[in-house]
Amino acid sequence: FMKKKDIETLNDPGSVNALSSSLIKLREDFKLESLILSESPQKVFDDKNIAYKTLQQYDIKDLDPESTEYIFKKENPDLVLTGVSVNSNIERYFIYIARTNNILSISMFEGYTFSTVRFKDEQINPRFRFRPDFLLVLDKIAEEIMMKEGFKEEQLIITGHPAYDDLLKVKQSFNEQDFLKVRTDLGIEQDSYLTTFLSQPLLEDMQAGSLKDFGYTQVSVLSDLESALQSLDIQNLTLLVKIHDREREESTKSAFKGKLRKVLFDRKYDTRLAILASDLITGMVTNALIEAVYLDKDVVSLQPGLFEGYEDRLITNKLGLSIPVYKKDDIMRILKKVMHDERFKEELRQRRSKLSLDGKATERVVNFVYKLLNV
């Protein structure tokens, strides 16, 4: 029998992380041929041992609608599955060309703020938003947001987050020995109070024009955090800054003025293990903060200077599962409360205990692909 074929285009680390377990499962199926295409080599693919093709392998330097059509005709897929990138047009073009060839497309949207990622591009005429036929979303909240964005209910498939399927396992298996190992690996004393900051390349994305200015960047936030932690005068404090793949380390480091005894920077170490070995998790609006909530950690989302009228993009803040800070002057007070107020800490634990993961999101994504392909 003829194998069905799908093309998967992903160009953002978040999308690759979200879909990797589903991609691996689809690849294992003998009834299906899966081709992954990425515009630039993805460290995340390499780390997960997932083979992929680059544009260079098709002798294409810059992707445009014509070159996308060329790949499409060459590979002749029955379905297109994409992530959602801020900086790359690869997903948009493949959705566009799939539509012009009457091929179904699905996108996995692993966040809640669709407005930051436009399915549109100025180079294609007529200009329009590149909407996939179906959008895989995390939950009812995401579904409601997408319906306000103009998607129809029948286009939205609630799958959960495939990358969270193994969160439960990671959390349950993490023990005292693991705790000591992570801290040793990172050069952190066992009894140190570890605050971890999960950074994002906001400055870089603003400079590239792919993100609007929200009133803060990782550099301004880290500068404010350094001052607040200095004022709190915590004995034996370590601040660990987890640097994002697309972040320029030297500009992030420029935030610090030597006010803290120990600040460490790390790009490579497993983020989940670092979270589990931490006493407090901070960051801005990265999805990794949502993971930290699922891993049962106290989480503070720092957005000092957020412009008036701009929406807070971290869903766990709205749900009361993480604590947002919108003013520089409030950072120290809120950190102190989260660190020392036992009643408040217990309240946060109670809220988090209502979260549930069933470990079946990967399965739901794969089954939906099969359904569309009649496999």
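Where is the place of Lys3? Lys3 sits in the segment before strand 1 (4-9), where strands (E, at least two residues) and helices (H or I, at least four) are DSSP runs numbered from the N terminus. This is a predicted model, in which local features need pLDDT of at least 70 and side-chain atom pairs count only at pLDDT 80 or more, while totals for chains, interfaces and linings use all residues. Residues are numbered from 1 along each chain as its sequence is written, and side-chain values use heavy atoms, with hydrogens and water left out.

Lys3 has a relative accessible area of 44% and is partly exposed; buried means under 20%, exposed over 50%, and partly exposed in between, with a 1.4 Å probe and protein chains only. Not counting residues up to four places away in sequence, Lys3 touches Phe30, Lys31, Leu32, Glu33 and Asp78, a contact being heavy atoms within 4.5 Å. Lys3 and Lys31 are 28 residues apart along the chain, and their C-alpha atoms are separated by 5.5 Å.

Two other separations can be set beside that one. Arg333, in helix 14, is partly exposed at 48% relative accessible area. Its C-alpha atom is separated by 21 Å from that of Val219, 114 residues apart along the chain. Asp358 lies in the loop between helix 15 and helix 16 and is partly exposed at 46% relative accessibility.

Thr195 belongs to strand 8 (residues 193-198). With a relative accessible area of 0%, Thr195 is buried. Apart from neighbours within four places in sequence, Thr195 is in contact with Leu237, Thr238, Leu239, Leu240, Leu280, Thr282 and Met339.

Met339 also takes part in a helix contact: Lys337, Val338, Met339 and His340 in helix 14 meet Glu342, Phe344 and Lys345 in helix 15. These residues divide into 3 nonpolar, 1 polar and 3 charged; Ala, Val, Leu, Ile, Met, Phe, Trp, Tyr, Cys and Pro count as nonpolar, Asp, Glu, Lys and Arg as charged, and the others, Gly among them, as polar. Two packed helices are described by the angle between their axes and the distance between the axes. The axes of helix 14 (residues 331-340) and helix 15 (residues 342-352) come within 6 Å and cross at roughly 80 degrees. Here the axes are lines fitted to C-alpha atoms, for helices over the stretch in contact, and angles run from 0 to 180 degrees between N-to-C directions. Helix 14 is therefore roughly perpendicular to helix 15, a class that covers 65 to 115 degrees, with under 35 roughly parallel, over 145 roughly antiparallel and the rest oblique.

How many aromatic pairs does a search of the whole structure find? The search finds 7. Rings of Phe, Tyr and Trp (its six-membered ring) pair if their centres lie within 6.5 Å; planes under 30 degrees apart count as stacked, over 60 as edge-to-face and the rest as tilted. Phe134 and Phe368 have ring centres 5.2 Å apart and planes at 80 degrees, so they form an edge-to-face pair. Phe134 lies in strand 6 (residues 134-137) and Phe368 in helix 16 (residues 361-373), so the pair ties together parts that are 234 residues apart in sequence. Phe134 is buried at 17% relative accessibility, and Phe368 is buried at 8%.

The ring centres of Tyr164 and Tyr294 are 5.2 Å apart and their planes are at 50 degrees, so this pair is tilted. Tyr164 lies in the loop between strand 7 (156-158) and helix 6 (167-173) and Tyr294 in helix 12 (residues 287-294), so the parts tied together are 130 residues apart in sequence. Tyr164 is buried, with a relative accessible area of 5%.

Phe214, Phe307 and Tyr310 form one aromatic cluster. The charged end of Arg313 sits over the ring of Phe214, 4.0 Å from its centre, and Lys212 lies over the face of Tyr310, at 4.7 Å from the ring centre. A charge sits over a ring if NZ of Lys or CZ of Arg is within 6 Å of the ring centre and within 35 degrees of the ring normal.
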